[in-house]
Amino acid sequence: MDTEAGPGTHPHAPGTERPVPEAEPELVARWRSDGGELLDLLTLVRERLGGVAAFRLGPRPTVLVTDPQAVRHVLVTRPERYVKRSHRARVLIGDGLLAADGTAWKRQRRLLQSQFTGTGMRRYEERITAAARTTARRWDAYARTGQTFDLGQEMRRFALDTIWRSLTGHPLDDETQRELAAVEAVGAALPALPADADAAREAVAADLARIDAIARHAIDAARSGAAGPHGPGLLHVLTDASAEHPEYTDRLIRDEFVTLLAAGHETTATTLTWLHLLLDRHPEARAQALSAGDEGSAERRQAVQGLIHETLRFYPSAWILARHAAEDDVLAGHTVEAGSDFLVCPYLTHRDPALWPDPERFDPRRFTSPGGRPTQPGAYYPFGIGPRACLGLQFALRESTVLLEHLLPVHTPVFHSAAPKAVHGITVRPDGPTPVSLKPPRDH
């Protein structure tokens with residue numbers, strides 16, 4: 001057992017460790033009787049016991065972690081002691097990067113890492129911009145005709161177009177978009193699927209068959225050497241890897257392809273949907289971003305990114321991160337036994353009033369003003385932190401920024417129904433459709 005304080009831990013004297021404080025059974029019983037969501041219980045536990053606390057839903061305690069230093073210890077300093085177990089989305093993504101572990105995860109991560117940083121990201125600038133311009137032209141048509149459309153679906157269409165161009169080199173066509181609805185269907189079904197893997201696959205067999213057909217067609221096209229109008233894509237990187245790495249079978253390439261499709265569009269689309277809902281309630285934030293600088297200026301870009309970051313503070317892409325203690329440890333002065341389950345919760349860390357003054361207030365200037373946000377690692381981590389942080393962080397921020405630079409100066413969505421509630425599933429998504437129309441240009 002490690003008893004030394006290190007980076008990301010609370011200092012304590014050796015021998016003074018104590019058990020993690022645990023919520024009383026009555027609190028959990030009341031939560032069960034009220035039929036609350038998991039977030040309701042986590043909020044109660046954090047409020048009662050602090051940033052490292054435990055509760056029991058079964059025979060063993062689950063430890064909730066929201067304190068920044070403890071977050072860093074689990075995700076950054078000691079990731080080999082706090083490991084991921086089987087991913088809920090394995091029925092969809094198979095052995096793709098999100099579900100992989102051990103040496104397989106290291107190998108897969110290494111192959112893809114260069115594609116999402118520095119020079120690798122520059123390869124996708126043209127594709128991101130082309131997808132944003134396509135969306136902007138579509139919105140121009142909506143504004144001219146006064147057509148009502150679902151904003152969430154539009155954001156998914158943009159994000160899917162962007163990742164499809166990046167994977168294949170081709171723009172997304174209508175037929176492919178219809179078939180790729182199967183990815184969303186399986187993702188939405190995941191929380192309710194049977195625990196047994198075979199039964200889970202059987203429950204969504206038809207949609208998985210559609211996804212596999214799309215993947216086979218795209219992989220065959222990449223293997224043939226055919227490149228789209230944007231040139232080779234990420235899928236070509238995967239198929240080329242099989243020449244040196246025999247483990248990159250067609251099945252693993254399919255799993256990585258579907259992982260990138262699913263993870264590469266759903267979280268971005270959800271963030272952009274929430275951002276527009278927040279701007280509808282806080283129009284002054286949109287005006288402040290546009291007045292920060294001229295079109296194309298660094299000042300305006302920084303302000304637009306502030307909108308994105310504040311939206312991610314409210315609704316992080318990964319609102320909860322599950323881990324499992326592989327060995328004994330000391331966390332923030334508390335003894336941790338091997339076999340314990342952990343829930344690291346960015347959603348609650350981001351709303352901690354001790355870290356974020358007036359945390360329920362939407363204020364993008366937290367991310368553009370000196371001293372506006374806490375600087376300690378583990379206080380803001382919407383994509384996770386540490387070696388298993390989201391690989392596509394920079395890609396997601398870039399595509400969101402480019403789209404907003406195209407849309408915000410021209411179009412203001414008017415929502416036709418009350419703001420939907422948040423559903424905390426694999427992501428935090430709006431519960432229900434988001435019908436909007438666009439203000440005529442003269443109203444801006």
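## A buried aspartate and its salt bridge

At 3% relative accessibility, Asp255 counts as buried in this predicted model. Its side chain forms a salt bridge with Arg251, the closest N and O atoms being 3.5 Å apart. Arg251, by contrast, counts as partly exposed at 47% relative accessibility. Because Asp255 and Arg251 are four residues apart in helix 13 (residues 250-263), about one helical turn separates them.

## Other salt bridges

The count of salt bridges comes to 27. One of them joins Glu125 to Arg398, with the closest N and O atoms 2.8 Å apart. Glu125 lies in helix 7 (residues 125-145) and Arg398 in helix 18 (residues 393-407), so this pair ties together parts that are 273 residues apart in sequence. Glu125 is partly exposed, its relative accessible area being 25%, while Arg398 is buried, with a relative accessible area of 19%; the value for Arg398 falls under the 20% limit used for burial.

Arg210 and Asp207 also meet through their side chains in a salt bridge, at 3.4 Å from N to O. These two residues are three apart in helix 11 (residues 205-223), and therefore about one helical turn separates them. Arg210 is partly exposed, with a relative accessible area of 28%. Elsewhere, a network of salt bridges links Glu80, Arg81, Glu327 and Asp329.

Five strands form an open sheet in the order 2-3-9-6-4, with mixed pairing. Its edge strands, each pairing on one side only, are strand 2 (52-56) and strand 4 (82-83). Strand 2 runs antiparallel to strand 3, to which five bridges join it, and Val52 has Val65 as its bridge partner in strand 3.

Strand 3 (residues 61-65) is in turn joined by four bridges to strand 9 (residues 341-344), and these two run parallel; here Val65 stands opposite Val344 in strand 9. Four bridges also join strand 9 to strand 6 (residues 321-325), in this case with the strands running antiparallel, and the partner of Arg323 in strand 9 is Phe342.

Strand 1 pairs with strand 8 (residues 334-336) in the parallel sense over two bridges, and Arg18 stands opposite His334 in strand 8.

Leaving aside residues up to four places away in sequence, Leu92 touches Val183, Val186, Leu208, Ile211, Arg254, Val258 and Ala262.

Helix 14 (residues 266-281) has 16 residues and reaches 23 Å from its first C-alpha to its last, close to the 22 Å expected at 1.5 Å a residue. This helix is mostly covered, since 13 of its 16 residues are buried.

## Confidence of the prediction

The chain averages a pLDDT of 91, and 95% of the residues score at least 70. Over residues 1-9, however, pLDDT stays under 50, and for this stretch the model has 24 contacts beyond four places in sequence. Where pLDDT is low, the predicted coordinates should not be read in detail.

How values were computed:
Residues numbered from 1 in each chain as written. Predicted model: local features only at pLDDT ≥ 70, side-chain atom pairs only at ≥ 80, totals over all residues. Heavy atoms only, no water. Pairing = 2+ DSSP bridges. Contact = heavy atoms within 4.5 Å. pLDDT = per-residue confidence, 0-100. Expected span 1.5 Å × (residues − 1). Buried < 20%, exposed > 50% of the residue type's maximum accessible area, 1.4 Å probe, protein only. Salt bridge = Lys/Arg side-chain N within 4 Å of Asp/Glu carboxyl O.
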